Structure formats: C-alpha cells, structure tokens
Amino acid sequence: MTNNNYCESLQNFLTQQNWELYAYQQSFLNNLNNKKFNQFLICSETGTGKTFTTFLPIILDKFNNNDTKLIYVAPIKALINDLLNNLRELSSKLKINLDV
C-alpha cells in the first residue's frame with residue numbers, strides 16, 4: 001500500500017495476509033479519508049473484495065474507538081452465514097470487537 005493515511009494496524013494486517021488492495025479500494029480509502037463524499041457505490045468484478053471494502057470504514061472506525069453501524073442485506077442466508085464467519089475471523093485477527 002502506498003498511502004500512509006491508512007491505519008497502521010490495517011496495513012500490518014494486509015501485509016500479514018499477503019493481500020494487496022485493488023486500485024478501486026485504494027481510491028475508496030483515499031476518498032473516505034479526505035471526506036470527499038458521504039455516499040459510495042462499489043462496483044467491481046466477482047472476487048475483487050467488494051464485501052471487504054464495504055466493511056473497511058467500520059474496521060477503521062473500530063481502530064479509532066468509534067461506534068459506527070452498518071446494515072448489510074444479502075439475498076441468501078448462506079451468504080450472511082459466510083459473511084458472519086469471515087467477519088468473526090477478521091475481527092479476531094485484527095484484535096477488534098465487531099458486534100455482528
């Protein structure tokens with residue numbers, strides 16, 4: 001990651017996971033950090049981290065001890081169960097409390 005505005009804990013996590021953000025994710029975080037927009041539409045191909053991107057503001061707020069909320073709706077219960085398991089694993093690795 002090339003932008004030093006991202007939370008150091010998130011940078012460390014991405015490095016440990018050997019993950020690299022896509023250009024749209026970096027742009028999203030830059031715009032979020034600059035408070036340029038207050039609404040976002042995330043469109044990208046399958047398997048490019050849209051769901052992870054959706055939760056980045058929540059994760060960053062948790063690092064700053066903010067109590068941000070997100071309502072996430074999915075068409076199938078299996079998707080929600082998968083998301084729940086991924087978020088629990090992510091919050092454990094990041095050592096933050098995500099109430100899901």
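Let's start at the segment after H4, where Lys 95 sits. This is a predicted model. Lys 95 has a phi near 60°, a positive value in a residue other than glycine. Most residues other than glycine have a negative phi. Is Lys 95 buried or exposed? Its relative accessibility is 74%, so Lys 95 counts as exposed.

Now look at Asn 18. You'll find Asn 18 in the loop between H1 and H2. Its phi is positive too, about 60°, and Asn 18 is not a glycine. Relative accessibility here is 70%, over the 50% cut-off. Asn 18 therefore counts as exposed.

Next, the core. Nonpolar side chains tend to be buried together in soluble globular proteins. Here, the largest nonpolar core has 18 residues. Which residues have the most contacts inside it? They are Leu 10, Phe 52, Ile 59 and Leu 90. Who supplies this core? At least two residues come from each of H1, H2, H3 and H4. H2, for reference, covers 23-34. H3 gives the largest share, 6 residues.

Take Phe 52 on its own. Leave out residues up to four places away in sequence. Phe 52 then touches Leu 10, Leu 14, Trp 19, Leu 21, Gln 25, Ile 59 and Leu 90.

On to the helix pair. Two packed helices are described by the angle between their axes and the distance between the axes. Our pair is H3, residues 50-63, and H4, residues 77-94. The angle is about 35°. The axes are 12 Å apart. H3 passes H4 in a right-handed crossing. Which residues make the contact? From H3, we have Thr 51, Phe 52, Phe 55, Ile 59 and Phe 63. From H4, we have Leu 83, Leu 87, Leu 90 and Leu 94. Sort the contact by class: 8 residues are nonpolar, 1 is polar and none is charged.

Last stop, Glu 8. Glu 8 lies in helix H1, which covers residues 8-16. Now bring back Phe 63, from the H3 side of that helix contact. In sequence, Glu 8 and Phe 63 are 55 residues apart. In space, their C-alpha atoms are 9.7 Å apart. Is Glu 8 buried or exposed? Glu 8 counts as exposed, because its relative accessibility is 57%.

Technical notes
Residues are numbered from 1 along each chain as its sequence is written. This is a predicted model: local features need pLDDT of at least 70, side-chain atom pairs count only at pLDDT 80 or more; totals for chains, interfaces and linings use all residues. Side-chain values use heavy atoms; hydrogens and water are left out. Axes are lines fitted to C-alpha atoms, for helices over the stretch in contact, and angles run from 0 to 180 degrees between N-to-C directions. Helices (H or I, at least four residues) and strands (E, at least two) are DSSP runs, numbered from the N terminus. A crossing is left-handed if the near helix is turned anticlockwise from the far one by less than a right angle, and right-handed if clockwise. Contact means heavy atoms within 4.5 Å. Ala, Val, Leu, Ile, Met, Phe, Trp, Tyr, Cys and Pro count as nonpolar, Asp, Glu, Lys and Arg as charged, and the others, Gly among them, as polar. Buried means under 20% relative accessible area, exposed over 50%, partly exposed in between (1.4 Å probe, protein chains only). A nonpolar core is a set of buried Ala, Val, Leu, Ile, Met, Phe, Trp, Tyr and Cys residues joined through side-chain atoms within 4.5 Å.
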